[in-house]
Amino acid sequence: MSLSFDPDRLALPTGHFIGGRLMDAAGVLEMKRPSDGVSFAACPVADANIVDMAVENAKAAWRANKWGSMRPRDRARLIHRFADLMEKEAVKLAQLEAVASTRPIGQLIEGDIAVTAEQIRFFAEFADKEGSDLVPTDGDHLGMTMSEPYGVVGAITPWNVPISMAGWKVGAALAAGNAVVLKPSEMTPFSTLYMAELAVRAGIPAGIFNVVLGDGPTTGSAMTAHPDIAKISFTGSTMAGAAIMTNIARHGIRPMTLELGGKSPQLVFADADIEKAAAAIAQSLTANAGQACVSGSRLLVDGKIAAELVDAICGHLLKVQPGFTWDERTQYSPIISERQIRRIDGLVAQAMDDGGECLLGGHQMDHPGYFYAPTILTGVTQQSPAIIEEIFGPVLTVQEFADEQEALELADHPVYGLAAGVFTKDLSRAVRVTRQLQAGTVWVNRYGRSRDHILPTGGYKRSGIGKDLGREAYLANRQTKSVLISL
Ligand code: NAD
């Protein structure tokens, strides 16, 4: 069966999903399809009253259904059913994602959706395995740490991989026994709305998973200011993360997880397998057209192999073809918006004004949508905006080093520390360099996440606070009470 579909014939869910049903709401923010620039929908904006309604529904459902205190195995079973339904409804879910986002339909079914369903199952399995502890005390006392859910937690997600981001947040929060109010990006809300509907169909009580639509300044701010949202988990830019921290501090300190931006280096040493490194680097740049937090956008390479490696990377990059996200043959993603493509172009132009050279790309592609050609910049200095700024597009800067020390100095970014790649056949060097890199994740002789969901993800420096995935993400959705009983 072909996965390609006609985007004009797709019925879109609109409104907020509160208390287990879609609540009609007028569209406010114009939405354009990244694949062809056509205006096709408008996203509603929930104000503080609607956010409050969602929180009240979540609170009431959490209490009435004893979601946090039901037998953990029963909660896990419902979450497993939710994951099963996501796979069963993968085509519709993928269409709702592909129409508005940069994710090609062909990659969604086997990629984003299959992986997200597995991650949700991974979290469900913690529900009856992670628990409270008895701790050693003197014989006159019984001491324990009691692990408890927060109640209602908030989640705010970005546009770049919407299903995956919603899954990371909701999987951990629900398994840990919380009710959730989630705000997806105003640019890509439809798949998240449908996920919430599927959760209810799977038997998760209405009101436990709510979705409010809207932008950051209105809806996001109302969430981070809401006194009954006990914890916030955010994924997005470092700038918005700072605004969220400020708002939380102003309205009552609460725990938060912040998964923020990155500008990740890939260090290739002279003894590396050049073909393997080239394929991994090209893939990290072209995946979602570089619109990934962990995109390996800074190539640091030993000068002795630089020309050979860059040549091999170019070979891969020259093969990409733009295509509509609703066409199953498409592999290369559009840029999310016209504004973002202008920003990428501006940063590339500035790098060239500053003395850099564009070896490849450096322009919008010939297509009705917002496609940017994979771009390689050389001759950029460590102070150049092309190195400092998270470009969030398919732009690779190339810097050469003479030795390990210089490689590490160039790798050290003044702002970000999300991920890094190291390519070398020398095991001692791999470990030595990994230990010194200031990054939340280091991949050695590969680049990009695997399906090992036990590995947490999160940033060093201003790339974030706390972790998604792994045991850490589950535990971040629980709080610990210390109890001491005098016998
Ligand atoms: P963004 O920060 O503009 O928006 C993210 C979300 O936050 C959206 O839902 C937006 O409406 C909301 N928001 C914006 N301002 C807000 C505010 N003041 N208060 C509350 N909510 C607010 O980011 P984006 O453009 O959607 O996504 C791209 C960014 O996300 C990149 O920086 C990327 O690196 C980052 N990202 C990080 C990870 C990670 O795991 N570290 C994963 C994916 C994306």
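Me: How far is an oxygen atom of the ligand from a polar backbone atom of G236?
Reply: This is a predicted model, where local features need pLDDT of at least 70, side-chain atom pairs count only at pLDDT 80 or more, and totals for chains, interfaces and linings use all residues. Residues are numbered from 1 along each chain as its sequence is written, and side-chain values use heavy atoms, with hydrogens and water left out. The G236 backbone atom lies from the ligand oxygen at 3.5 Å.

Me: How much of the ligand's accessible area does the protein cover?
Reply: Areas come from the Shrake-Rupley method with a 1.4 Å probe. On its own, the ligand has 850 Å² of accessible area. The protein covers 88%.

Me: Which side chain has an N or O atom 2.7 Å from an oxygen atom of the ligand?
Reply: W159 places a polar side-chain atom 2.8 Å from a ligand oxygen. The 2.7 Å distance belongs to K183.

Me: Why does the ligand lie between two domains?
Reply: Bounds come from an automatic or database domain assignment. The ligand lies between them because its shell takes residues from both domain 1 (7-260 + 464-486) and domain 2 (265-452).

Notes
A polar contact is a pair of N or O atoms within 3.5 Å; within protein, one must be able to donate a hydrogen and the other to accept it, and residues adjacent in sequence count only if both atoms are side-chain atoms.
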